[in-house]
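Trainee: Could you take me through one part of this model slowly? I'd like a close look at a single place where something interesting can be pointed out.

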Amino acid sequence: MEYVEMDLILFWIFFACLSALPLILARLTQGPLKDDKKDDQEDSR
Amino acid sequence: MNVYVLILAIYLGVLTYIGWRASKQVQDDDDWAVAGRSLGVWETAASVFVTVLSAVSFIGYMGYYYQHGWAGWWNWAGTLVATALFAGFFAARLRKFGGVTLSDYLDVRYGRTHGLLAAVLILFSTVLFTMAQLVGSASIIEAATGIPSWLCVVIIGLVFLVYTVIGGMVSVAWTSSLTSILILGGTFALMFSVLSEVGGFSALHGELYHIDPALLDPFKDGEIGLGLAMSWVVTWGIGNFGLPQIVTRFNSAKDEKTASYSQGVAGLLFILFYLPLMLIGLGMRVLYPGIENTDMVAPTAIMELVHPVLGGIVLAAILGAAVSTASSILLQAGTVATRDIYQKFINPEAPSSKVLSMSKATTFAVGIIAIGLSLMNSSTVLAIQANMVGILGSMLAMSVIIGFTWKRSNSQGGMAGMIVGIVTAVIWYALGQPFGWMPILPSIFTSSIANIVVSLATPPPSQEVQDIFFENNTR
């Protein structure tokens, strides 16, 4: 059973990293999302 | 009245109401086709999420996990790869280009013939894809409620046809948001029911280990080989770039950053859907180990394990996955036929009001044809549609990827890549899919090679085209 549980922990870590990858890539290539909103607000003023 | 029928009727009623409300927001053809390019991160993410998911995602995939255990995860790994590629690069570039359809892109990047060729194939495929969703969802509802399949096809078909025609992309975006919540809620509720029946997460894996330790192995102890695993990853990781209903979703986002971030959110939505779905499939393997037809795993879980109200909600989620995909596809039919064929080749001066009414009329006609074909239930048509994803992906995916990443790719190379891609796919089918590889896998290699070799042997694309896509890539 130890093998099974260790295997599953690795699975979950792997899935967590994989699911976060698109968001990380969006952040790296586009910068923070919120800055744009602030800019928009300033523009509208 | 059957509880399932009541909940499904309420859901269909809500969709129709949303379509009616959305129709009030539609002022011109841009509102209809791309929601006025105004969608935020969540709406764009939700529309991609429900477009990718279908009735097959629920029924077929749950059965696949039941059969193969954790190794089944390879069939959605490619979706995450595509999502990461869109988030990191392509979503922003597609949005910045600023077209409406996939043919728009091929037209500007490679030439009018490329755009027209793609438009014709896309138009043809929309009928088949819509039909697949109708037939799939109708058979599930027939199994659960006893309503004849033909009646389900007519009712479901008319509901999504009406809300897509009157509300266009605005309608698709709003219904997608609602359906995403329904899908995630339904899947999680079913997962908790199954896990509580099994005795929890650890008990589930302990039982699976006793049934067959290979069910916990990422490759099912060698049964799912690297070739098949990569075939899944490439089919969806690259093939999604050839599906117009997905790549055009970014054109509705309000800007490039929104398009890119929407894919970050979509990645989370996918994992929040697929992991519970896997756990349901695995739990069902423990609870009902003798199900031979794996397509019956999902209906068994719904009808045997949960309260009818919850079962009805899960059924509505499955129906939602099907109609959302169908409406996204149907929207393509209207925009492609009107903008890529009528407006570009027949009447370039057509006013916005004329384009809008033609788009609606075409969408309605394609929807009616799809409903009619679904009622015929022809095995030949079903066989063609089952292979259509591979054919579209084989022809178009590398044209999108290479076109955005390699400046030197030109019109001749693009055409060579498209033709070689589709020919390879057809030959691969005819050969009976050697090594168990799906046709898109060899097609990606052959179409890339054809695109590169022919492009290098012919003059580079014009400076104007290079500027649009690689310097100041706005239109």
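**Where the chains meet, and a patch**

Mentor: Let's begin with Val14(B), which sits in helix 1 of chain B (helices are DSSP runs of H or I, at least four residues, numbered from the N terminus). Keep in mind that this is a predicted model, where local features need pLDDT of at least 70 and side-chain atom pairs count only at pLDDT 80 or more, while totals for chains, interfaces and linings use all residues. Residues are numbered from 1 along each chain as its sequence is written, chains are lettered from A in the order in which they are written, and side-chain values use heavy atoms, leaving out hydrogens and water.

Val14(B) is partly exposed, at 33% relative accessible area (partly exposed lies between buried, under 20%, and exposed, over 50%, with a 1.4 Å probe and protein chains only). Together with Leu6(B), Ile10(B) and Leu178(B), Val14(B) makes a nonpolar patch on the surface, about 310 Å² of accessible area in total (patch residues have over 30% relative accessible area and no salt bridge, with nonpolar side chains joined within 5 Å). Helix 1 of chain B, residues 3-23, supplies the largest share of that patch, 3 residues.

Now for the contact between the chains: 23 residues of chain A and 30 residues of chain B take part (contact means heavy atoms within 4.5 Å). In chain A, Trp12(A), Phe15(A) and Gln30(A) lose the most area to chain B, together 23% of what that side buries (buried area is the accessible area, 1.4 Å probe, that two parts lose on being put together, summed over both).

How values were computed
Patch = residues over 30% accessible without salt bridge, like charges linked within 9 Å, V, L, I, M, F, W, Y side chains within 5 Å. Areas by Shrake-Rupley, 256 points an atom, 1.4 Å probe, with all protein chains shown as cover. Salt bridge = Lys/Arg side-chain N within 4 Å of Asp/Glu carboxyl O. Helix = DSSP H or I, 4+ residues; strand = E, 2+ residues; numbered from the N terminus.
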